[in-house]
Amino acid sequence: HLKTSVMGVFKQLGEDPCIENCERIGRQGPSSERWPQPVKVTLSTTYSVETMLRRSYRLRGNSAYKSVFISPDRSEEERKAHRELVLTLKQKIKGEPELYHYIGREGIVSVPKTKDSPRNQHVIGEEGGSPPPPR
């Protein structure tokens, strides 16, 4: 049943990868306090993993999957660094609401909010940085 649900998510992204393993991680809460339990999925190829991660933003546009998030497997150090980056991003969003902020390859990227795609113009709070990632 779990594998079927995961395949449904991947089909929503236009892919049909070979799943090697699929399991829930963490502990389940008591019946009165159920919370979503993460699922660890192992795919057969690195290409499939990269494709799923690249296309995962598409889930936000589907009401059935808008609460589904796909993230890469990270080491303890990588998780800590990412957590700090997300906290900084939240502070920037609160402190600079006139800008659109997101996490890019080189860190946090900030661009003006316009009617056109916010990724058309690249603006960053610090000198340097890379252009926004392609969609």
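Colleague: Where does Gln37 lie?
Modeller: Gln37 sits in the loop between E1 and E2. Keep in mind that this is a predicted model.

Colleague: Why is Gln37 called buried?
Modeller: The relative accessible area of Gln37 is 17%. The cut-off for buried is under 20%.

Colleague: Which residues is Gln37 in contact with, leaving aside neighbours within four places in sequence?
Modeller: Gln37 is in contact with Arg24, Ile25, Gly26, Arg27 and Gln28.

Colleague: Take helix H1, residues 2–12. Which of its residues are buried?
Modeller: Val6, Met7, Val9 and Phe10 are the buried ones.

Colleague: What makes you put them on one side of H1?
Modeller: Their arc around the axis is only 155 degrees, and therefore they share the same side of H1. Thr4 and Lys11 are exposed on the other side. In general, an α-helix has 3.6 residues a turn, so residues three or four places apart point the same way.

Colleague: What covers the buried residues of H1?
Modeller: The cover includes strand E1 (19–24), strand E2 (39–43) and helix H2 (46–55).

Colleague: Which residues make up the largest nonpolar core?
Modeller: There are eleven in all. They are Val6, Met7, Val9, Phe10, Leu13, Ile19, Cys22, Leu43, Met52, Leu59 and Tyr65. H1 and E1 are the elements that give two or more residues to this core. The largest share, four residues, comes from H1.

Colleague: What does Tyr65 touch, not counting residues up to four places away in sequence?
Modeller: Tyr65 touches Gly8, Val9, Gln12 and Leu59.

Colleague: How many aromatic pairs are there in the whole structure?
Modeller: The search finds one. The partners are Tyr100 and Tyr102.

Colleague: Why do the rings of Tyr100 and Tyr102 count as a pair?
Modeller: Their centres are 5.6 Å apart. The limit is within 6.5 Å, so they pair.

Colleague: Stacked, edge-to-face or tilted?
Modeller: The planes meet at 40 degrees. Stacked needs under 30 degrees, and edge-to-face needs over 60.

Colleague: Are Tyr100 and Tyr102 buried or partly exposed?
Modeller: Tyr102 is buried, with 7% relative accessible area. Tyr100 stands at 26% and counts as partly exposed. The cut-offs explain it: buried means under 20%, exposed over 50%, and partly exposed in between.

Colleague: How many salt bridges does the rule give?
Modeller: The count is three.

Colleague: What makes Arg55 and Glu15 a salt bridge?
Modeller: Their N to O distance is 2.8 Å. The rule asks for within 4 Å, so the pair qualifies. This pair links distant parts of the chain, with Arg55 in helix H2 and Glu15 in the loop between H1 and E1, 40 residues apart. Arg55 is partly exposed, at 22% relative accessible area.

Colleague: What are the N to O values for Glu76 with Arg79, and for Lys92 with Glu96?
Modeller: Glu76 and Arg79 meet at 2.5 Å. For Lys92 and Glu96, the closest N and O atoms are 3.4 Å apart. Both values are within 4 Å, so both pairs are salt bridges. Glu76 and Arg79 both lie in helix H3 (residues 76–95), three residues apart, about one turn of the helix.

Notes. Residues numbered from 1 in each chain as written. Predicted model: local features only at pLDDT ≥ 70, side-chain atom pairs only at ≥ 80, totals over all residues. Heavy atoms only, no water. Buried < 20%, exposed > 50% of the residue type's maximum accessible area, 1.4 Å probe, protein only. Arc of directions from axis to C-beta. Contact = heavy atoms within 4.5 Å. Core = buried A, V, L, I, M, F, W, Y, C linked by side-chain atoms within 4.5 Å. Phe/Tyr/Trp six-rings, centres within 6.5 Å; stacked < 30°, edge-to-face > 60°. Salt bridge = Lys/Arg side-chain N within 4 Å of Asp/Glu carboxyl O.
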